[in-house]
Amino acid sequence: MSSSDKISRRAFATLVAAAAMLPASAQAATAKTRKQRHMKRALIKPPRLRQGDLVGLIAPGGRTSDPSIEKAVANIEALGFRVRQGANLRQVHGNYAGSVQQRVEDLHAMFADKEVKAIWCIRGGSGCISLLTSINYALIRANPKILLGYSDITALHLALHRHAGLVSFHGPVASSGISDYASTHLMAVLTEPQAGYTIPMALENSRRALEEPHFAMRTVHAGMASGPLMGGNLSLVSALAGTPYAADFRHSILFLEEVNEAPYRLDRWMTQLDLSVGFANAAAVMVGICENCGPEDEDISLTLDETLDIHLQPLAIPAVTGYSFGHIRNQFTLPVGVMATLDTERQTLTLLEAAVS
């Protein structure tokens, strides 16, 4: 060993010892700096919608039908917008709305069309995950627009956030039964750029909780937390874990919802997310209303709440269930990637920045 090696190793040991002797405040500041660096994401906010704008209607996942298309067109026009239907909207390929190529073609065409100001998915279903490797993310970055939908559309939201830096919107699909509550918060988020917009939970859902307990809001851990909104449909967020399109929900308000799944499946998917990223690394966890996710009458099973609590109870961060999003009529719209604050005492979510430009 040369004398220079000895000096180098002594110097390294001195540095390690000095770092260990840093005061707790300095170590905390370093951790805070790392957190702030992680949260400073370069986001592209799409232009706001205005009355009379043209909205593109596509089916990137499951196949649709003429009655659903008629309902979607009526919904869009009732909000004051015009509609342009995707060229492949009526295609059928098994349970999908056409082949991967046809569905990607409609997605690309709507982003490239200068007249189209927003893209609204007619439904979720399944199949969006198959599009991710074929999407032209550079095209989307160059033509940022509102993309709206939920359920299977989660795959597109997470991919566009990670590879295009685009704020997209987890909200009603175009063929939804859109309530006054849903349309009020949808229009506020998409058409009125504003910081400090506070969303209360739907009173209608609280009323339903009297007869349907899974509609009830629960606070597992109280508190306030801020961070970028990240998440979506639980099965899709879980399916993308470990891929180049995975949700990095560290220091984020992680939001999750599901429908028509047994508690043991929810447990498996949440375990996968906990193993891959770790719920403890989130700023908060917000679970929506999970319709038909309890055990069947004759099943020997944990309840929905017991299953969620396996993962939420051990946390030391704010955690709630039964908030007003998911496969329900009265749902609010969540802009993926936008900074927000969850307040469990007030049972509100406040968007700290405008979601559109």
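## Basis and overall make-up

Because the model is predicted, local features need pLDDT of at least 70 and side-chain atom pairs count only at pLDDT 80 or more, while totals for chains, interfaces and linings use all residues. Residues are numbered from 1 along each chain as its sequence is written, and side-chain values use heavy atoms, with hydrogens and water left out.

The secondary structure comprises 11 helices and 14 strands; helices (H or I, at least four residues) and strands (E, at least two) are DSSP runs numbered from the N terminus. Of the 357 residues of the protein, 52% count as buried. Buried means under 20% relative accessible area, exposed over 50%, and partly exposed in between, with a 1.4 Å probe and protein chains only. Among contacts (heavy atoms within 4.5 Å) with a separation of 6 or more, 79% join residues 24 or more positions apart.

## Helix H3

Helix H3 covers residues 66-78, and its 13 residues reach 18 Å from the first C-alpha to the last, close to the 18 Å expected at 1.5 Å a residue. The expected span is 1.5 Å times one less than the number of residues. The buried residues of H3 are Ile69, Ala72, Val73, Asn75 and Ile76. Seen down the axis of H3, these buried residues fall within an arc of 160°, so they line one face of the helix; the arc is that of the directions from the helix axis to the C-beta atoms. An α-helix has 3.6 residues a turn, so residues three or four places apart point the same way.

The buried residues of H3 pack against strand S1 (54-58), strand S2 (82-85) and S3. On the other side of H3, Pro67, Glu70 and Ala78 are exposed. Gly80, with a positive phi near 100°, follows H3.

## Helix H7

The end C-alpha atoms of H7 are 16 Å apart, in agreement with the 16 Å that its 12 residues should span at 1.5 Å a residue. In H7, 10 of the 12 residues are buried, so the helix is largely enclosed by the rest of the structure. The buried set consists of Tyr181, Ala182, Ser183, His185, Leu186, Met187, Ala188, Val189, Leu190 and Thr191.

## Cavities

Cavities and pockets are defined on a 1 Å grid over the protein atoms alone: a cavity is a set of points where a 1.4 Å probe fits but cannot get out, a pocket is an open set with protein on both sides within 12 Å along at least five of seven lines, and lining residues have an atom within 4 Å of a point. Grid points are joined across faces, edges and corners, and a volume is the space filled by probe spheres set on the points. There are three cavities of 30 Å³ or more.

The largest cavity has a volume of about 70 Å³. Its lining includes Leu49, Phe81, Trp120, Ile146, Leu186 and Leu190. Strand S3 (116-121), strand S4 (146-149) and helix H7 (180-191) are the elements that give two or more residues to this lining. By class, the lining of the largest cavity has 12 nonpolar, no polar and no charged residues. Here Ala, Val, Leu, Ile, Met, Phe, Trp, Tyr, Cys and Pro count as nonpolar, Asp, Glu, Lys and Arg as charged, and the others, Gly among them, as polar.

The second largest cavity has a volume of about 50 Å³. Ala188, Val189, Glu192, Tyr197 and Glu353 are among the residues that line the second largest cavity. This lining has seven nonpolar, one polar and two charged residues.

## The largest pocket

The largest pocket holds about 170 Å³ of space. Of its 15 lining residues, Pro213, His214, Arg218, Leu304 and Asp305 lie nearest its centre. S10, H11 and strand S11 (319-326) each supply at least two residues of the lining, and H11 gives the most, with three residues. The lining of the largest pocket divides into seven nonpolar, six polar and two charged residues.

## Two loop residues

Thr303 lies in the loop between strand S10 (284-289) and helix H11 (304-312). At 35% relative accessibility, Thr303 counts as partly exposed. Leaving aside neighbours within four places in sequence, Thr303 is in contact with Pro263 and Pro295. The C-alpha atoms of Thr303 and Cys293, 10 residues apart along the chain, are separated by 8.6 Å.

Ser151 lies in the loop between S4 and helix H6 (154-164). With a relative accessible area of 13%, Ser151 is buried. Not counting residues up to four places away in sequence, Ser151 touches Gly124, His170, Asn233, Leu236, Glu257 and His327.
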